[in-house]
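Here are my notes on this one, written as numbered points. Have the viewer open while you read.

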Amino acid sequence: QVQPEESGGGLAQAGGSLRLSCAASGRALAGYAVGWFRQAPGKEREFVAGISWSGNNIYYANSVKGRFTISRDNAKSTVYLQMNSLQPEDTAVYYCAKDGTRLRAVVRSTEYEYDSWGQGTQVTVSS
């Protein structure tokens with residue numbers, strides 16, 4: 001089982017932007033939906049955004065809709081999360097995860113549907 005790896009986290013000011021990347025060796029993400037989740041201090045992990053294996057289906061949590069954009073480059077086996085208009089409440093550890101079902105057409109928002117998780121990357125937004 002190949003573990004995806006996140007990168008691109010860091011510190012941003014409110015209103016700023018960051019872009020997260022999720023990559024895996026070889027073409028491990030090819031044919032699988034990928035989801036982004038986050039966990040803020042003292043809170044449960046929550047779904048942020050997901051993209052189907054083809055890129056044709058995308059789903060966002062209401063809290064990030066209109067500010068975050070998920071995309072994927074299957075040639076590079078990489079999924080991106082562009083985060084704009086960041087707010088302090090976006091501060092969290094962000095995780096990417098690979099769907100456990102190959103070629104699933106829809107995006108799932110529940111953690112148990114994902115079978116391989118990255119270690120997470122910290123995003124901190126200052127006010």
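1. A definition to start: two strands count as paired if DSSP finds at least two bridges between them. Strands themselves are DSSP runs of E with at least two residues, numbered from the N terminus.

2. Some bookkeeping. This is a predicted model, with local features needing pLDDT of at least 70 and side-chain atom pairs counting only at pLDDT 80 or more, while totals for chains, interfaces and linings use all residues. Residues are numbered from 1 along each chain as its sequence is written, and side-chain values use heavy atoms, leaving out hydrogens and water.

3. S3 and S8 are antiparallel partners, with six bridges between them; Ala-23 has Thr-78 in S8 as its bridge partner.

4. How well covered is S8? Five of its six residues are buried, where buried means under 20% relative accessible area, exposed over 50% and partly exposed in between (1.4 Å probe, protein chains only).

5. On to the nonpolar cores, meaning sets of buried Ala, Val, Leu, Ile, Met, Phe, Trp, Tyr and Cys residues joined through side-chain atoms within 4.5 Å. The largest has 26 residues, and Trp-36, Leu-81, Met-83 and Tyr-94 make the most contacts inside it. Strands S3, S4, S5, S7, S8, S9 and S11 each supply at least two of its residues. A second, separate core has seven residues, including Phe-37, Phe-47, Ala-97 and Val-107.

6. Which residues does Tyr-94 touch, leaving aside neighbours within four places in sequence? Taking contact as heavy atoms within 4.5 Å, its partners include Leu-20, Trp-36, Phe-68, Leu-81 and Met-83, and also Glu-6, Arg-38 and Thr-121.

7. Finally, the sulfurs. With a disulfide taken as a pair of cysteine sulfur atoms within 2.5 Å, the count is one. Cys-22 and Cys-96 form that disulfide, with their sulfur atoms 2.1 Å apart. The link is right-handed, at 70° about the S-S bond. Cys-22 sits in strand S3 and Cys-96 in strand S9, 74 residues apart, so the pair links distant parts of the chain.

Technical notes
Helix = DSSP H or I, 4+ residues; strand = E, 2+ residues; numbered from the N terminus.
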